[in-house]
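Subject: Handover of a structure model

Dear colleague,

Please find below the structure that I am handing over to you. My findings follow it, and I would be grateful if you could read them with the model open.

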Amino acid sequence: MTLTDLTLQEAATQLTAGAMSSRELTAAHLDRIATVDPRLNAFLTVTAEQALAQAEAADAQRMAGGETPPLLGVPLAIKDVLCLQGTRTTAGSRILENFVAPYTATAVQRLLDAGAVILGKLNCDEFAMGSSTENSAYGPTRNPWDLDRVPGGSSGGSAAAVAARLALGALGTDTGGSVRQPASFCGVVGLKTSYGRVSRYGLIAYGSSLDSIGPLARTVADAALLFSQIAGHDPRDATSMPAPVPALSGWTENLSGLRVGVPREYFIDGMQPAVEQAVRAAIGHLQTLGATPIEISLPHTAYAVPVYYLIAPAEASANLARFDGVRYGPRAEADALWDVFEKTRGERFGAEVKRRIMLGTYALSAGYYDAFYGQAQKVRTLIKRDFDQAFEKVDVIACPVAPTTAFKIGTKVDDPLAMYLEDVFTLPPSLAGIPGLSVPCGNDAEGLPIGLQLLGPAFGEERVLRVGHAYEQTTDWHRATPAL
Amino acid sequence: MSLSREEIDHIAALARLRLTEAEKDLYRGQLSAVLDYIAKLSEVDTTPIPPTATVLPLRTVLRPDVVRPSLPVPELLRNAPDAADDMFRVPPVLDGGAEGG
């Protein structure tokens, strides 16, 4: 077995047993990146030298004996919206093409503290705005299952890198589906964490009331291990909650007594039949493990797309005001400061970012605030209440991640509304701030992966991980490997 | 709803975005279509419903009011396109300014 085919937990076990060194494991991943990534474009920056130095330090620490941290010597990669001190951090944008992060994001620092080796920074839609990674200023990432298709987005580089065995795990971010949907499209596991569960310090902000950081990996147990390392309170993010991180062990495949909500609004006309069949079969499989499916209704589901595409762009228009050619990034030269702002932003932001800044600015502007932004915030309350009421009757909710499998590069990028509708099943949980897991649950006729979405109440990650683990360990979908 | 060319100009000015004529035409059409779709929100009766600004329980987060070290100034200026004397340097803000600084 080649080293890059190991799961994260298998690799950690072998490192502990001394069966291989972190240097060997890290070099194997760097070799594979050099061989495979020119076809995928998953990495924007490969930090090979630092990674090998971290690996050697990890090996030395292990040789010295004593207690070792859980990720010691494990090679991972990071979405390029998270700061890593001394490393270029672009957010997929030309407006940050030469930005070198002066500090490290808390989530990344916690991985480093746990002993992880960082292989580099991963491609994404510009400022995490998109569902296909086609909005990256550095070219699209390609889906390892079919190089003509998108990997999903915005954490497309993270999902593609994990699926293609370029890293044992990765961090992504999810504002409206950006961990779950690429995980689904690339056939890997992705966890959207509860809002407030993982510190956002050092994350380049997009939609501040929605942004969350979460792991992508090849198994649920791997994702759970990464989650347990990055979760928890951080005084540097006032929205990070002082909630205890649950123990993630002792799971069984017995789901007796588990009530699984099946929301009727998540099986709609126009979705790809293979997706509906695979997700319904997965729910049937949970039943064979002892769970009881219960049909439920989340009546405000259809309003999630318009609510999200007002709230997130409104927050983005404020967050991205800081990119003005003064403090970082290249500056467009002009004689007056106002012209510097307008030219720098006009020349350096990509089409989708400008579109969302325009939409958000409009929604917040005088005369339209109540009708658009204010109304969206009220309907958001109704969407959240739908979930609150559902979780009085069920323990988890099972549904599709996306209405389709991975689509061809170039087919939706000129039609923003069609692209926004890709997010129809991932936006409601984001607006409610609850955790969601994408687990591989099938393929369509073209062999493209399909994801099962498992949702839990706020701070109920343990529950969705436990159910996802039981499903995964009794099925084989997660073992499928793209031929590259 | 259809956005007018003047509205596009106004929004771009508020957002400090210099757009080309082609971009203005493109965004006018695309944003009008998105706003048409978004208009379905007005179907929902939200009269008694409070807005959600955050999904977290509302709380005030306090920390001790003590001086802590910040990131070193040279580190922060390293990414700036232009800097001098521990400051970001920009062109004149007001008309008639002869010197930048």
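Please note that the model is predicted.

**Helix packing around α9 of chain A**

Helix α9 (residues 304–319) of chain A packs on helix α11 (residues 351–364) of chain A at an angle of about 100°, and their axes are 7 Å apart. By the ranges above, α9(A) and α11(A) are therefore roughly perpendicular to each other. On the α9(A) side, the residues that meet α11(A) are A:Tyr309, A:Leu310, A:Pro313, A:Ala314, A:Ala316 and A:Ser317. Their counterparts in α11(A) are A:Arg356, A:Ile357, A:Leu359, A:Gly360, A:Thr361, A:Ala363 and A:Leu364. By class, this contact has 9 nonpolar, 3 polar and 1 charged residues.

α9(A) also packs on helix α12 (residues 370–393) of chain A, here at an angle of about 125° and with the axes 9 Å apart. These two helices are therefore oblique to each other, and their crossing is left-handed. From α9(A), the contact takes A:Ala304, A:Val307, A:Leu310, A:Ile311 and A:Ala314. From α12(A), it takes A:Phe372, A:Tyr373, A:Ala376, A:Gln377, A:Val379, A:Arg380 and A:Ile383. The classes here are 10 nonpolar, 1 polar and 1 charged residues.

Chain A holds an open sheet of 11 strands with mixed pairing, in the order β1-β3-β2-β4-β6-β5-β10-β11-β9-β7-β8. The edges are formed by β1 (43–46) and β8, each of which has a single partner strand, so one side of each is left without a neighbour in the sheet. On average, neighbouring strands are turned by 30° against each other, direction ignored.

Both senses of pairing can be followed in detail. Strand β7 (residues 259–263) runs parallel to strand β8 (residues 292–296), and 5 bridges join them in chain A. In this pair, A:Val260 stands opposite A:Pro293. The chain passes from β7(A) to β8(A) through helix α8 (residues 273–288), and this β-α-β crossover is right-handed. β7(A) also pairs in the parallel sense with strand β9 (residues 396–400) of chain A, over 2 bridges; there, A:Gly261 stands opposite A:Ile397.

By contrast, strand β4 (residues 169–174) and strand β6 (residues 212–217) of chain A run antiparallel and are joined by 6 bridges. In this pair, A:Asp174 stands opposite A:Ser212.

Helix α15 (residues 461–473) of chain A lies across β5 (189–192), β9, β10 (436–443) and β11 (449–455), and runs at about 15° to β10(A).

**The contact between the chains**

The contact takes 55 residues from chain A and 43 residues from chain B. On the chain B side, the elements that give two or more residues are α1 (5–14), α2 (21–38) and α3 (73–77). Of these, α2(B) gives the most, with 7 residues. By class, the chain B side has 30 nonpolar, 6 polar and 7 charged residues.

Yours sincerely

How values were computed: Residues are numbered from 1 along each chain as its sequence is written. Chains are lettered from A and ligands numbered from 1 in the order in which they are written. This is a predicted model: local features need pLDDT of at least 70, side-chain atom pairs count only at pLDDT 80 or more; totals for chains, interfaces and linings use all residues. Two residues are in contact if their C-beta atoms, placed from the backbone, lie within 7 Å. Helices (H or I, at least four residues) and strands (E, at least two) are DSSP runs, numbered from the N terminus. Ala, Val, Leu, Ile, Met, Phe, Trp, Tyr, Cys and Pro count as nonpolar, Asp, Glu, Lys and Arg as charged, and the others, Gly among them, as polar. Two strands pair if DSSP finds at least two bridges between them. A crossover is right-handed if, with the strands pointing away from the viewer, the path from the first strand over the helix to the second runs clockwise. Axes are lines fitted to C-alpha atoms, for helices over the stretch in contact, and angles run from 0 to 180 degrees between N-to-C directions. Angles under 35 degrees count as roughly parallel, over 145 as roughly antiparallel, 65 to 115 as roughly perpendicular and the rest as oblique. A crossing is left-handed if the near helix is turned anticlockwise from the far one by less than a right angle, and right-handed if clockwise.
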